[in-house]
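Please read the points below with the sequence and the model side by side, and look up each residue as it is named.

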Amino acid sequence: MDCFTFMSSAASLWPYFQKCAQMGMETAQEPPKETFRRLRWAGKIAGYDMNQATNGVNTHKGALFSIGILCGALGRLPREKWKNVKVVLGECAAMTKGIVEHDFRGVTEENAGTTGEKLYVKYGITGIRGQAEKGFPAVMEAGLPALERGLKKGLSLEQAGCAALLALMVSTVDTNLIARSNRETQLQVTEEIKEILERNPYPEEDMLEILDRAFISKNLSPGGSADLLAFTYFLYFLKEQ
């Protein structure tokens, strides 16, 4: 995975997100779950396109799910409601209601195949499905407020976004962190970041560099939180522009 696979992946996926919004518009008069049902099938095709563009490297699998849902929700809603974060996230929740029970029904320690299934069986972690079904509370309660407060303080989008990323990491269970290490490491990292944010909700660049080097040395990646950060930026731009 490098910047080139990310660029190739992004280029292959933008038609998918456009299609998600279109599907939302086409099913706006139908129950929210119907929109999500159609999105899931389109997401499988987009995942195949992504893998073709990156030679099998998973660059945006999480974003396929979360941003796809967001685009579908926007398609279902009148444009004048796009600035209302609660309404948009409420639509996301309505679309994905029951997804945790549906996707994990019948999953046991013996038949769990994916990382998400294994973490659900062992720890009860619902991951991004749980976030979606609840209307992405980590974004609403942590990521977006941290981003907006930082920008009001005069920070750049990047600086405020770094703080929002850390806020998201302590507000949800990042399953990508666990996949790269284990549950114990993820909990330890979360506690360390909590302590940093308690001292300064907007850490200086040198502290961020220290964290970056530590993550690289341990092959850790908060990919799940990064997906939610992209989601957070999306909502912010909808509100402001």
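**Notes on the model**

1. Leu168 counts as buried, its relative accessibility being 0%, where buried means under 20% relative accessible area, exposed means over 50%, and partly exposed covers what lies in between (with a 1.4 Å probe, protein chains only). This is a predicted model, in which local features need pLDDT of at least 70 and side-chain atom pairs count only at pLDDT 80 or more, whereas totals for chains, interfaces and linings use all residues. Residues are numbered from 1 along each chain as its sequence is written, and side-chain values use heavy atoms, with hydrogens and water left out.

2. Leu168 lies in helix 9; helices (H or I, at least four residues) and strands (E, at least two) are DSSP runs, numbered from the N terminus. Not counting residues up to four places away in sequence, Leu168 touches Ala138, Val139, Gly143, Ser225, Leu228, Leu229 and Thr232, and such a contact means heavy atoms within 4.5 Å. With Thr232, the separation is 64 residues in sequence and 9.7 Å in space, taken from C-alpha to C-alpha.

3. For the chain as a whole, there are 13 helices and zero strands, and 43% of the 241 residues count as buried.

4. How do helix 9 and helix 11 cross? The axes of helix 9 (residues 157-169) and helix 11 come within 9 Å and cross at roughly 130°, where axes are lines fitted to C-alpha atoms, for helices over the stretch in contact, and angles run from 0 to 180 degrees between N-to-C directions. That angle makes helix 9 oblique to helix 11, since angles under 35 degrees count as roughly parallel, over 145 as roughly antiparallel, 65 to 115 as roughly perpendicular and the rest as oblique. The contact is made by Leu166, Ala167 and Met169 of helix 9 and by Val189, Thr190, Ile193 and Leu197 of helix 11.

5. Helix 11 also pairs with helix 12, for their axes come within 12 Å and cross at roughly 175°. This makes helix 11 roughly antiparallel to helix 12. On the helix 11 side the residues are Val189, Ile193, Ile196 and Arg199, and they meet Met207, Leu211 and Phe215 in helix 12.

6. Arg183 lies in helix 11 (residues 183-199) and deserves a careful look. Arg183 is buried yet has no salt bridge, and the nearest side chain of opposite charge, Glu184, is 6.9 Å away. Here Lys and Arg count as positive and Asp and Glu as negative, while His and the chain ends are not counted; a salt bridge is a side-chain nitrogen of Lys or Arg within 4 Å of a carboxyl oxygen of Asp or Glu. Leaving aside neighbours within four places in sequence, Arg183 is in contact with Tyr123, Ile125, Val173 and Ile178.

7. How many salt bridges does a search of the whole structure find? The search finds seven. In one of these salt bridges, the side chains of Glu34 and Arg37 meet at 2.8 Å, N to O. Being three residues apart in helix 2 (residues 32-54), Glu34 and Arg37 are separated by about one helical turn. Glu34 counts as buried at 19% relative accessibility, whereas Arg37 counts as exposed at 53%.

8. Another salt bridge joins Glu148 to Lys239, with the closest N and O atoms 2.7 Å apart. Glu148 lies in helix 8 and Lys239 in helix 13, so the pair ties together parts that are 91 residues apart in sequence. Glu148 is buried, with a relative accessible area of 18%, while Lys239 is partly exposed, with 27%.

9. Phe136, in the loop between helix 7 (127-133) and helix 8 (137-152), has a positive phi of about 50° although it is not a glycine, and Phe136 is buried, with a relative accessible area of 0%. Asn219, in the loop between helix 12 (205-217) and helix 13 (223-240), has a positive phi of about 60° and is not a glycine either, but Asn219 is partly exposed, with a relative accessible area of 48%.
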